[in-house]
Amino acid sequence: MHILIAGGSGLLGGMLSRRFASRDIPVTILSRTPENVNLPRGARALPWDGRSTEGWSERVKPIDAVINLTGEHISGTGLVAKSWTESHKKAMRDSRILSTKALVEWIHQVEHKPKVFIQQSGIDYYAFSKNPTTEQGPLGDSYLSKLAQDWEGAAHGLNDIPIRFITTRTAPVMHPDRPPLLQWTWASYGYLAGIAGDGEQYFSWIHISDYANIIVDMVLNESYRGAYNVCAPNPLPYKDIMQAIGNVTGKPVWMKQPAELIKQILGEASTLALDSRHIVPQRLLDESPFTFEHPVFEKAISHLVNL
């Protein structure tokens, strides 16, 4: 078996590369900055522009599985959230749509077709709701909803190819060095942690280890097909999320952050803090053999913070 991870130079791609390497499965990573990729044993990185097949397609050995993780970060990777300027929104869209279309074009061209294609997406695919939302939930109409829907749609060119196709509608992945957990813990240690809005909006999430285990299982287990919500089974209201952060850091959560103030500071990106996403992984729970190692938020965060 040979795995191709497009956009694999980031946190998620790095974790997956190491998981496959531990199983002696070779990985090829496509990256705009291959020189910066920390490669595990059995992996290599090839440069690409994120929008075409030029420069890499002829250098890729026969591939059995493709994992498409391409896409500009929604809010950046540091302590300060990235503003949704028009240029950033264009980068978010182009880096997802154009790269996915390039992968579809490449698969049509190669003689040895991959057996499985995993298309990353996001839980913003669905409409905002405080009620539990499964894979059958209604589509949203926000900017991020339309972006997720178009991202998934860009891979529909594979519908006429006999390939096991999986869509992973993924919740924010918890890791201590990446938002939002990075921002929450730093704010908490600085006695600045607060509750956004009324705190009743739901937040869905997943521990990075569970995320990686799910993707590896999807590659190796042929029973997975179609769309899955990749998130922990226990989403929480924002106020409970922040209380759990305070419990883990040992700091009080006292600050109220009015919704209007957050909107003034973050603009359109305030949706990430204020809108409710009560997404549940119904198909993973009902149809798959997967077992979550970190299903409870506070225990999951304590594990990550104390690594």
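Helices (H or I, at least four residues) and strands (E, at least two) are DSSP runs, numbered from the N terminus. The structure is a predicted model, in which local features need pLDDT of at least 70 and side-chain atom pairs count only at pLDDT 80 or more, while totals for chains, interfaces and linings use all residues. Residues are numbered from 1 along each chain as its sequence is written, and side-chain values use heavy atoms, with hydrogens and water left out.

Several loops were examined for backbone geometry. Asp24 occupies the loop between α1 (11-21) and β2 (27-31); its phi is near 60°, a positive value in a residue other than glycine. Asp24 is exposed, with a relative accessible area of 59%, where exposed means over 50%, buried under 20% and partly exposed in between (1.4 Å probe, protein chains only). Tyr191, in the loop between α4 and β9 (194-196), also is not a glycine and has a positive phi of about 60°. Tyr191 is partly exposed, at a relative accessible area of 42%.

The interior was described next. In soluble globular proteins, nonpolar side chains tend to be buried together. A nonpolar core is here a set of buried Ala, Val, Leu, Ile, Met, Phe, Trp, Tyr and Cys residues joined through side-chain atoms within 4.5 Å. The largest such core has 56 residues, of which Leu16, Ile67, Trp184 and Met218 touch the most other members. Helix α5 (residues 208-220) makes the greatest contribution to this core, with eight residues. A second, separate core holds 21 residues, among them Trp48, Ala102, Val104 and Ile163.

Contacts (heavy atoms within 4.5 Å) were listed for Trp184. Apart from neighbours within four places in sequence, Trp184 is in contact with Met174, Phe203, Tyr238, Ile241, Met242, Ile245 and Phe297.

Helix α3 (residues 143-153) has as its buried residues Leu144, Ser145, Leu147, Ala148, Gln149, Trp151 and Glu152. The elements that cover these buried residues include β4 (65-68), α2 (86-109), β5 (116-122), β7 (164-170) and α8 (271-274).

Leu79 was also considered. Leu79 is placed in the loop between β4 and α2 and counts as partly exposed, at 42% relative accessibility.
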